[in-house]
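Here is a short briefing on one protein chain. Please look over the sequence and the model first, then read the points below.

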Amino acid sequence: RSTPKPSSAASDVYKRQAVGDSGLDGDHGDFTGRLSGVTSVTPGDSSTADPSSGHGTHVACTVLGSGFRSSGGYKGIAPEANLYFQAMEDDDSGALYSYGINSMLNSAYNAGARIHTNSWGAGSGFGSYSTQSEDADDRTSTWDQYWSYDGMTVLFAAGNERNDGVSPPGTAKNVITIGGHKNRYSGAPDEMYYWSSRGPTDDGRIKPDIVAAGDYVRSCKAQEASEAPDNINDDWYVEYSGTSMATPAAAGASAIVREYLMEVAERPEPQGALVKAMLILGAEDMGTRDIPNNDEGWGRVNLVNTLLPDSDVGIFVDDRSRLSSGQEASYNFDVTRSGEPLKVVLTWSDYPGSTFSGTQLRNNLNLEVTSPDGSVTYVGNDFANGRSTTGGAKDTKNNVEVVLIDSATTGIWNVKVKDFSHGGSRTYQPFAIAVRGVNVNDLTPDPSIAPG
């Protein structure tokens, strides 16, 4: 079935990336011709330079650096993307400040960016739902109302405090919170970066959401950065470690997902929740099968699994449906080959929580997947040994729910999304669903997509 094609004005929107970080060496050479805006968000400091460690330049280059100074050797993940940069460092103190996450996100959205990545955190209140977490959830849940807005994907680093917990605003529900895994040397890529902050949040939600390459990451060196080490004997590039390095890698992957959805699948601009669902759909369990867990969340980013799975396995997505209290959406999928895995991911950008509440989930959607003969129903997030099991309780904490069946029997599988309880002031809760591993028999108005 054909799908709506984006207008020409929106056809390159996946290229507009926003980064909030210390500062930017815009003359490095790896960003030439692709700076759509560089601005300071630091009160009382209009400088956008990167004079300390060069953290912001390194982060931005991981997202979209061209590799120009290395003859292409150190390219970013999405090297054709455009950059809108928000400088946060006070040049006198070296500390990061801003006029607030709400304003930062609004400014980037109004400038046309649809992905916003942040390799910083509060450095305190680990695991808690802060006012900045609330602001991030407010903006993302507003923009995922697809009938009125374009979605924005927002990413935050989990932090480098290991067992102290995830740093706010990475505790927000709707953002994609990124932990780090080893990038090279022993154990890579299936071991965690040692210092990557572990979850869960204070109210028991799964964080981080996924992990990406986080240690020994080589990227651009800011030429004005007085504290940047010379650790790879290169004038233009430097090696750093941390979830700060993992987060822009996931942001670049998000850009590629958006490009695929809009340019290959010819869909309208996706909700941020759909980009999140697609990354989780392809995420790979690291080491011992034990997802979801408080170290890696739903696993390591794997874009091949997300977009181009093996053989002729199909992918289905829907982010143009919404529910009000008590409603449900139903989908049927035809599995024609026995022994194939079936993975279903449901995500939604939930109404903001409150710093005064012990439970942050406001709109509780439930995912149910029923076998062809009706004898087995799997519910979201009821897992054992890295795969779905039965007999557990329905999830009442997370706005990400997953069902993963290693070997699905042939026949028509039914997937239901139910609005179990509805809070907040909005009548409708939009959601995103992504399914991998089936021949799609779509019973809804929204189309399926298949690998290119």
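Is Cys220 buried or exposed? Cys220 is buried, because its relative accessibility is 1%; buried means under 20% relative accessible area, exposed over 50%, and partly exposed in between, with a 1.4 Å probe and protein chains only.

This is a predicted model: local features need pLDDT of at least 70, side-chain atom pairs count only at pLDDT 80 or more, and totals for chains, interfaces and linings use all residues. Residues are numbered from 1 along each chain as its sequence is written, and side-chain values use heavy atoms, with hydrogens and water left out.

**Overall build**

- The chain has 6 helices and 19 strands. Helices (H or I, at least four residues) and strands (E, at least two) are DSSP runs, numbered from the N terminus.
- Along the principal axes, the C-alpha atoms fill a box of roughly 65 × 45 × 45 Å.
- Of the 452 residues, 58% are buried.
- Take the contacts between residues at least 6 apart in sequence: 78% of them join residues at least 24 apart. Contact means heavy atoms within 4.5 Å.

**The disulfide**

- The chain has 1 disulfide, defined as a pair of cysteine sulfur atoms within 2.5 Å.
- Cys61 and Cys220 form this bond, with their sulfur atoms 2.1 Å apart.
- The pair links distant parts of the chain, 159 residues apart: Cys61 lies in helix H1 (residues 55–64) and Cys220 in strand E8 (residues 217–220).
- Cys61 is buried too, because its relative accessibility is 1%.

**The parallel sheet**

- An open sheet of 7 strands runs in the order E2-E3-E1-E4-E5-E6-E7, with parallel pairing. Two strands pair if DSSP finds at least two bridges between them.
- E2 (35–40) and E7 (210–213) are the edge strands; each has a single partner strand, so one side of each lacks a neighbour in the sheet.
- Neighbouring strands are turned by 25 degrees against each other on average, direction ignored. The axes are lines fitted to C-alpha atoms, for helices over the stretch in contact, and angles run from 0 to 180 degrees between N-to-C directions.
- Strand E1 (residues 16–21) and strand E4 (residues 115–118) run parallel and are joined by 4 bridges. Gln17 has Ile115 in E4 as its bridge partner.

**Around Asp203**

- Asp203 sits in the loop between strand E6 (176–181) and E7.
- Asp203 counts as buried because its relative accessible area is 13%.
- Its side chain makes a polar contact with the side chain of Thr201 at 2.6 Å. A polar contact is a pair of N or O atoms within 3.5 Å; within protein, one must be able to donate a hydrogen and the other to accept it, and residues adjacent in sequence count only if both atoms are side-chain atoms.
- The Asp203 side chain also reaches the backbone nitrogen of Gln360 at 3.2 Å.
- Leaving aside residues up to four places away in sequence, Asp203 touches Gly358, Thr359, Gln360 and Lys397.

**Enclosed elements**

- In helix H5 (residues 272–282), 11 of the 11 residues are buried, so the helix is largely enclosed by the rest of the structure. Among them are Lys276 and Met278.
- Strand E12 (residues 340–347) is also largely enclosed, because 6 of its 8 residues are buried.
- E12 runs antiparallel to strand E17 (residues 400–408), joined by 7 bridges. Thr347 stands opposite Val400 in E17.
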